[in-house]
Amino acid sequence: MRLDTGTRDVLLFVRKPNTAELAKAAAATDPRRLSDVMIVAPEPFRKTQQAAAFAAFGPHEAFSFTELMVNVARHALVPKHELVPRERVGAIARAFHVANPAQFPLIRASDAMAKYIRARPGDLVMITRTCPSVGTQVR
């Protein structure tokens, strides 16, 4: 386990993302000072392990080594994803004739690009696709 507490952001490597390992890491730092926590483990997180990490650190990002081996944003078939600033959400909703921003299509929190751009529940993600026949599409 390696815990870097030099800044407010924490990068944590764990051998097994179990409750004891996460509790030991949480005890090594002051959770009030943390702003962003990213946990990396050799294997994917299960639901119980996610719950244990949330109890220890609060909101966090969890990745397995295999998820970090490929940069999904550089793949030719992946469209451009951008987080929309909160102050622009209303203007975009009016431009698309949407009464409530919750009516926009949903993207899963487990989506590789949603993780890559650090999207949180409630964020609006603008997806821009380029197609030879249609041109540029914004979703």
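Which residues does H81 touch, not counting residues up to four places away in sequence? In this predicted model, for which local features need pLDDT of at least 70, side-chain atom pairs count only at pLDDT 80 or more, whereas totals for chains, interfaces and linings use all residues. Residues are numbered from 1 along each chain as its sequence is written, and side-chain values use heavy atoms, with hydrogens and water left out.

With contact taken as heavy atoms within 4.5 Å, H81 touches I107, M113, I117, V125, M126 and I127. H81 belongs to strand β5, which spans residues 80-84; strands (E, at least two residues) and helices (H or I, at least four) are DSSP runs numbered from the N terminus. A polar atom of the H81 side chain lies 2.8 Å from the backbone oxygen of P79.

Two further residues are described by their backbone angles. Most residues other than glycine have a negative phi. H97, however, has a positive phi near 55 degrees, and is placed in the loop between α4 (89-95) and α5 (112-116), where its relative accessibility of 75% means that it counts as exposed. R118, likewise not a glycine, has a positive phi of about 65 degrees; R118 lies in the loop between α5 and β6 (124-131), and with a relative accessible area of 39% R118 is partly exposed.

How values were computed
Polar contact = N/O pair within 3.5 Å; in protein donor to acceptor, adjacent residues only side chain to side chain. Buried < 20%, exposed > 50% of the residue type's maximum accessible area, 1.4 Å probe, protein only.
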